[in-house]
Amino acid sequence: MKVVSALLGTLVLTVMCALTSPVYAAGGTLVIASTQVPRHLNGAVQSGIATAIPSTQIFASPLRYDDSWEPQPYLAESWSVSEDGLSVTLNLVKGATFHDGTPVTSEDVAFSIVTTRDNHPFKSMFAPVAAIETPDAHTAIIRLTQPHPALMLALSPALAPVLPKHIYGDGQDPKSHPANSAPVGSGPFMLEEFKAGEVIVLKKNPNFFMEGRPVLDEIIIRIIKDPSALLIAMENGEADLYPFMAGSQQIRRLQEVEHLGVTTDGYAAVGPINWLAFNTASEKLSDKRVRQAIAYAIDRDFIINALHRGVSVPQRGPIIEGSPFFDESIPAYDLDLDKAKALLAEAGYADGVELTVDYIPGFKEQQQSLAEYLKSQLKKIGIDVTVRAAPDFPTWAGRVGGHDFELSMDVVFNWGDPVIGVHRTYLSSNIRKGVIWSNTQQYANPKVDELLNAAAVELDPEERKALYSTFQQIVAEELPIYWINSLPYHTAYDRRLRNLPSGIWGTMHPMDMVGWSE
């Protein structure tokens, strides 16, 4: 049994923070600006930035991760992994309570992991979990059907919030449970107010189980749908933190503001890919030649250098190009209008075809501008594109998750390991109508299923790399997705803030150490 002790790492981290962090004052309010509208606040059944930022403040998780990809204690003060990799034992802290005063026990941890496994759009994340034993109130033993190289990462705050079983275990569907909009967790902050589409107010948890935390009294998440208004709020001090900023004009504008800092720290595990999704179940898009024709008609270099003013990075496949698993040899589908027309003719559309494209609202440069570019660019090969706008994120998510689309721009994260963030898009077992960021393309290939299922249990990095290479070659040829670019995520922040989360999950991580300088 390999035992991992968290004590030494915690002591070292505490000493380093004391030596390197400027003095900051206890209390105060942090105002976070966001354009995204969360449908609810329960990250156990919903993925994405909009939910993850508040969810990771409200709910604690078994582990946390630092900026070196090393797990750190949270609700689990220590843990051990069996030699065969088929069980993980979590030893929970004593004294942790939910916001209503109920103690956090191993029953809550077991219930939460199973609930996430059965309801989260990332089905592969906890798929190998067969059972969770709870021999006592502070021990949870996760039993696996197969080795799971991504399990420890999956126990992170944004992926594994620990829910109160006494609230969620009442038999109601966790995806539509009323507690999702009024959650009770054990994290550093408690929900005080949630006005959908407007504001989320979080107050300090006075009984948080980590001594001396949180530092702040309050976190307010303001939903500002107008990007220009959001920038003004950051410039005039009405907002203090703007994470997941990807627009080139926004980045450059806020870099010029004296009281603001702008950083790329905190996005190491995100792996954000901007892409064009094809509904492969659509009669017009079921032929891969139509999808390939569209890919050959798109000028990725123009998008990167002109539309994105050079701040984006090209992305040619399903695995982020900075990953050791990325296959450099996959085809890039460089611009070739003649080849695009020929493929379209071969597929029976020599006279053209009509298609509709959707996009995520609120990200004009990365989403709306690309959708409008497709309208003009695809016209060159005889495809008449209608751009369909959505009034808000939930509307777009309902369309795409409900398979009510033909083409759609999308932003999807790798989430640190392909098992967590990549498999969900391509496994036929994850075609789940009504669930956004599952296999909404309805793509099915038994060989791809076989490769991904093998990679999910392979502990040898080189063997995993070979499996993922073959997978990438297949999907690059069948093209259920046309991958465009990696998003240039930045965070703008008031320079007086201290200890901003710079780990691999950035602001999708508890902000219990964030404070204001004296």
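Modeller: What follows goes through the charged pairs, then a helix pair, then a few backbone details. Keep in mind that this is a predicted model.

Start with the total. There are 22 salt bridges.

Take K284 and E406. They form a salt bridge, with the closest N and O atoms 2.8 Å apart. K284 sits in the loop between strand 15 (272-278) and helix 8 (288-297), and E406 sits in the loop between helix 12 (393-401) and strand 19 (407-413), so the bridge ties together parts that are 122 residues apart in sequence. How exposed or buried are the two ends? K284 has 24% relative accessibility and counts as partly exposed. E406 has 16%, so this residue counts as buried, the cut-off being under 20%.

Next, E328 and R316. Their side chains meet in a salt bridge, 3.0 Å from N to O. Both E328 and R316 lie in the loop between strand 16 (313-314) and helix 10 (337-346), twelve residues apart. E328 has a relative accessible area of 55%, so this residue is exposed, the cut-off being over 50%. R316 has 18% relative accessibility and counts as buried.

Then D417 and R464. Here too the side chains meet in a salt bridge, at 3.0 Å from N to O. D417 is in the loop between strand 19 and helix 13 (418-421), while R464 is in helix 16 (residues 461-478). The pair links distant parts of the chain, 47 residues apart. Both ends are buried: D417 has 9% relative accessibility, and R464 has 5%. Salt bridges that share partners also join D358, R388, R399 and D404 into one network.

The side chains of S82 and D84 are joined at 2.6 Å. S82 lies in the loop between strand 6 (76-81) and strand 7 (87-92). With 13% relative accessibility, S82 counts as buried.

Now the helix pair. The axes of helix 6 (residues 227-235) and helix 7 (residues 248-255) come within 11 Å and cross at roughly 15°. That angle is under 35 degrees, so helix 6 and helix 7 count as roughly parallel. The crossing is right-handed. On the helix 6 side, the residues in contact are P227, L231, I232, M234 and E235. They meet Q250, R253 and L254 in helix 7.

Last, the backbone. Most residues other than glycine have a negative phi, and most peptide bonds are trans. Three places here deserve a look against that background.

- A cis peptide bond joins R213 and P214, with omega about 0°. P214 is in the loop between strand 11 (199-204) and strand 12 (218-223).
- R309 has a positive phi, near 50°. R309 belongs to the loop between helix 9 (300-307) and strand 16. With a relative accessible area of 36%, R309 is partly exposed.
- N499 also has a positive phi, near 60°. N499 is in the loop between strand 22 (497-498) and strand 23 (515-517). With a relative accessible area of 24%, N499 is partly exposed.

Methods: Residues are numbered from 1 along each chain as its sequence is written. This is a predicted model: local features need pLDDT of at least 70, side-chain atom pairs count only at pLDDT 80 or more; totals for chains, interfaces and linings use all residues. Side-chain values use heavy atoms; hydrogens and water are left out. Helices (H or I, at least four residues) and strands (E, at least two) are DSSP runs, numbered from the N terminus. Buried means under 20% relative accessible area, exposed over 50%, partly exposed in between (1.4 Å probe, protein chains only). A polar contact is a pair of N or O atoms within 3.5 Å; within protein, one must be able to donate a hydrogen and the other to accept it, and residues adjacent in sequence count only if both atoms are side-chain atoms. A salt bridge is a side-chain nitrogen of Lys or Arg within 4 Å of a carboxyl oxygen of Asp or Glu. Axes are lines fitted to C-alpha atoms, for helices over the stretch in contact, and angles run from 0 to 180 degrees between N-to-C directions. Angles under 35 degrees count as roughly parallel, over 145 as roughly antiparallel, 65 to 115 as roughly perpendicular and the rest as oblique. A crossing is left-handed if the near helix is turned anticlockwise from the far one by less than a right angle, and right-handed if clockwise. Contact means heavy atoms within 4.5 Å.
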